[in-house]
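Please read the following paragraphs alongside the sequence and the coordinates, taking each chain in turn before turning to the place where the chains meet.

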Amino acid sequence: MTVIETLKKVELFEGLDKAELQKVAKLCKERRLKRGEAIAVQGEPGNEMFIITEGFVEVVRHVTGDEEAQVVVNLGSGQIVGEMALVDHGPRSATVKAVSDPTVVQAIKRDDFDGLCEQNNHIGYIVMHNMAADLSFRIRHRYLTGK
Amino acid sequence: MAVYKVSYVITGKNHPGAIVNRDTRPEVGDKITLGEEDFVVVEVVDLMPPRGDFHFIHATCRPLEKDEK
């Protein structure tokens, strides 16, 4: 499957035309992870977001006062992760590590992403709208898990 | 090309669930693997209306028993 075919199945890019998807695809760099390998570490700076294209990652949070880390959610194909640091420039809010072998992600750097959104406001609007929709979906999922 | 974005919620086990895109709509009785664990789907509902090619689904699952594998 090509990167563009992969991006077509990612809600973040729903509403972009083929030419716009090609621009996004040029920013993507594939990374293959082994089980247990982290792509983000809670508290550390981050300048990339990731699109999961194969396998699963778990999102783990360490809460002050608790010795054990809590797995917040597992994310599989088509999901994005690491986008918070891209938008608010804050430290990683959670640790994200692969739980299947292999796990494949496409990484997009913040500067590249910001540059594309500034060049093409339509891409910026669509992606930001879809990012909010994805956040909404995750909140609904969290409510449904009762945690 | 429909894409089914599925929120899997696990009952009967302390599990955070998962969110994953599928090419087909999940159905009750489907056996699925999330990470490295196996589950069976026991309920499927539409979480919100579809948008473009994307459908938003909530599926409740329980762990698969050894004799069901």
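In this predicted model, chain B has a radius of gyration of 12 Å, which agrees with the value near 11 Å that a compact globule of 69 residues would have. Along its principal axes, the C-alpha trace of chain B spans about 40 × 20 × 20 Å. The secondary structure of chain B consists of 5 strands and 0 helices, so that the order read along the sequence is β-β-β-β-β. Of the 69 residues in chain B, 29% are buried, and among the contacts in this chain with a separation of 6 or more, 42% are between residues 24 or more positions apart.

Within chain B, strand 1 and strand 2 run antiparallel and are joined by 5 bridges. One position in this pairing is that of Ser7(B), which stands opposite Ile19(B) in strand 2 of chain B.

Strand 5 of chain B can be followed through one of its residues, Arg62(B). Lys31(B) lies 31 residues from Arg62(B) in sequence, while the C-alpha atoms of Arg62(B) and Lys31(B) are 9.8 Å apart in space.

Chain A contains an open sheet of 4 strands, arranged in the order 1-8-3-6 with antiparallel pairing. Strand 1 (29–33) and strand 6 (80–81) of chain A stand at the edges of this sheet, and because each has a single partner strand, one side of each is left without a neighbour in the sheet. Strand 3 (residues 48–54) and strand 8 (residues 103–109) of chain A run antiparallel and are joined by 6 bridges, with Val105(A) in strand 8 as the bridge partner of Ile52(A). Across strand 3 and strand 8 of chain A lies helix 4 (residues 110–119), which runs at about 60° to strand 8 of chain A.

The two chains meet in a contact to which chain A gives 24 residues and chain B gives 21 residues. On the side of chain B that touches chain A, the elements that give two or more residues are strand 1 (3–10), strand 2 (18–22), strand 4 (37–51) and strand 5 (54–63). The residues on that side of chain B comprise 11 nonpolar, 6 polar and 4 charged ones.

Strand pairing also passes from one chain to the other. Strands of a sheet pair through backbone hydrogen bonds, in either a parallel or an antiparallel manner. Here strand 5 (residues 70–75) of chain A and strand 2 of chain B run parallel and are joined by 2 bridges. Which residue of strand 2 of chain B is the bridge partner of Leu75(A)? That partner is Ile19(B), the residue that Ser7(B) stands opposite within chain B.

Definitions and conventions
Residues numbered from 1 in each chain as written. Chains lettered and ligands numbered in written order. Predicted model: local features only at pLDDT ≥ 70, side-chain atom pairs only at ≥ 80, totals over all residues. Contact = placed C-beta atoms within 7 Å. Nonpolar A, V, L, I, M, F, W, Y, C, P; charged D, E, K, R; others polar. Pairing = 2+ DSSP bridges. Axes fitted to C-alpha atoms, helices over the stretch in contact; angles between N-to-C directions. Rg over C-alpha atoms; globule rule 2.2 N^0.38 Å. Buried ≥ 20, exposed ≤ 12 C-beta atoms within 10 Å, placed from the backbone.
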